[in-house]
Amino acid sequence: MASNLGIDLYSPKEIAEKVENIGIVKANLPVRTMFMLGVLAGAFIGFGALYFTLVASDASLGFALTRVLGGLAFSLGLILVAVAGAELFTGNNFLVMAWAEGRIPFALLARNWAIVYVANAVGALGMVALVFLSHHGDMNGGAVAETYVKVAAAKTATPFLIVFVKGILCNALVCLAVWLATAGRSVTDKVLAIVFPVSAFVAAGFEHCIANMYFIPMGMLLHANGVLPAGVDLSGLTAAGLAGNLVAATLGNIVGGSILVAGVYYLTFRQRT
């Protein structure tokens, strides 16, 4: 039935129903399919991170313009996930709606999150290896490589609580991007819906656990191969620094996506009274 908001737009209540039904399908995917789509999502987010870094390496841009243009570039990652098709851990926080409604058991929710999270890491790390071997970091006189190291060092130097809160804000925006994209019926609708929330979280410097699976290992690898930006504290570029960031960002992402977006919309539109 057509929405009162227009022929090309689903209403918020219709979006909630669509998201819940999609969650059921995602939770019941075969393991191999789920894993392969998860690998793709990790690689797609890596492409977005690569694009962001290229923009951020241009020292001639001002602060705000660098952040905004970098955010727009990073949006490529979620656009690929939403339009080309892939399984992204942060977006799959929406499975909470189907679980809360009693349409999937917690075991299937946990299975999806665990498999997709690991697969996203495989895809992101695969991108790290390929991009490193391509000598992408040599672009702009080596400024791209230095930017990777600076980004990774900043992320690993950030205290746990701050990364956690930034993770909450990040996935609130990512899941809102997914929510808005679900409202659209065309590729153009979905792209436009994704760009602004995603570019906002990137511009604001929030923390996305899957993106960090690309940024930090890439920075660590380049640092290990002699990239040493002047005046940057590189002491956090260790396995412990990576793990600390990912734990904090992942927990924050779960809270932001599962509670602040999926939970709120479930209570608003789907909870039976």
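This report covers helix packing, the nonpolar core and selected loop residues.

## Basis of the model

The model is predicted: local features need pLDDT of at least 70, side-chain atom pairs count only at pLDDT 80 or more, and totals for chains, interfaces and linings use all residues. Residues are numbered from 1 along each chain as its sequence is written, and side-chain values use heavy atoms, leaving out hydrogens and water.

Helices are DSSP runs of H or I with at least four residues, numbered from the N terminus. Contact means heavy atoms within 4.5 Å. Buried means under 20% relative accessible area, exposed means over 50%, and partly exposed lies in between (1.4 Å probe, protein chains only).

## Helices α2 and α7

Helix α2 spans residues 31-56 and helix α7 spans residues 143-157. Their axes come within 9 Å and cross at roughly 110°. Axes are lines fitted to C-alpha atoms, for helices over the stretch in contact, and angles run from 0 to 180 degrees between N-to-C directions. The pair is therefore roughly perpendicular. That class covers 65 to 115 degrees; under 35 counts as roughly parallel, over 145 as roughly antiparallel, and the rest as oblique.

The crossing of α2 past α7 is right-handed. In that case the near helix is turned clockwise from the far one by less than a right angle; anticlockwise is left-handed. From α2, the contact uses Leu-50, Phe-52, Thr-53, Leu-54 and Ala-56. From α7, Val-144, Thr-147, Tyr-148 and Val-151 take part. By class, this contact has seven nonpolar, two polar and no charged residues. Ala, Val, Leu, Ile, Met, Phe, Trp, Tyr, Cys and Pro count as nonpolar; Asp, Glu, Lys and Arg as charged; the others, Gly among them, as polar.

## Helices α3 and α9

The axes of α3 and α9 come within 7 Å and cross at roughly 130°. These two helices are therefore oblique to each other. Again the crossing is right-handed. On the α3 side are Arg-67, Val-68, Gly-70, Gly-71, Leu-72 and Phe-74. They meet Val-195, Val-198, Ser-199, Phe-201, Val-202 and Ala-203 of α9. The contact has eight nonpolar, three polar and one charged residues.

## Core and buried positions

The largest nonpolar core has 79 residues. Such a core is a set of buried Ala, Val, Leu, Ile, Met, Phe, Trp, Tyr and Cys residues joined through side-chain atoms within 4.5 Å. Phe-74, Tyr-148, Tyr-214 and Phe-215 have the most contacts inside it. Helix α6 (residues 106-133) gives the largest share, ten residues. Phe-215 touches residues including Phe-52, Phe-74, Tyr-148 and Val-151.

In helix α4 (residues 76-85), Gly-77, Leu-78, Ile-79 and Val-81 are buried. Their cover includes α2, α3, α8 and α9.

Leu-237 sits in the loop between α10 and α11. It counts as buried because its relative accessibility is 8%. Its contacts include Val-149, Ala-152, Gly-219 and His-223. Leu-237 and His-223 are 14 residues apart in sequence and 8.2 Å apart, C-alpha to C-alpha.

## The loop between α6 and α7

Most residues other than glycine have a negative phi. His-135 has a positive phi of about 60°. It lies in the loop between α6 and α7 and, at 52% relative accessibility, counts as exposed. Asn-140, in the loop between α6 and α7, has a positive phi near 55°. At 48% relative accessibility, Asn-140 counts as partly exposed.

Gly-141 also lies in the loop between α6 and α7. At 82% relative accessibility, Gly-141 counts as exposed. Its C-alpha is 10.0 Å from that of Ser-57, 84 residues apart along the chain.

How values were computed:
Lists of a residue's contacts leave out its neighbours within four places in sequence.
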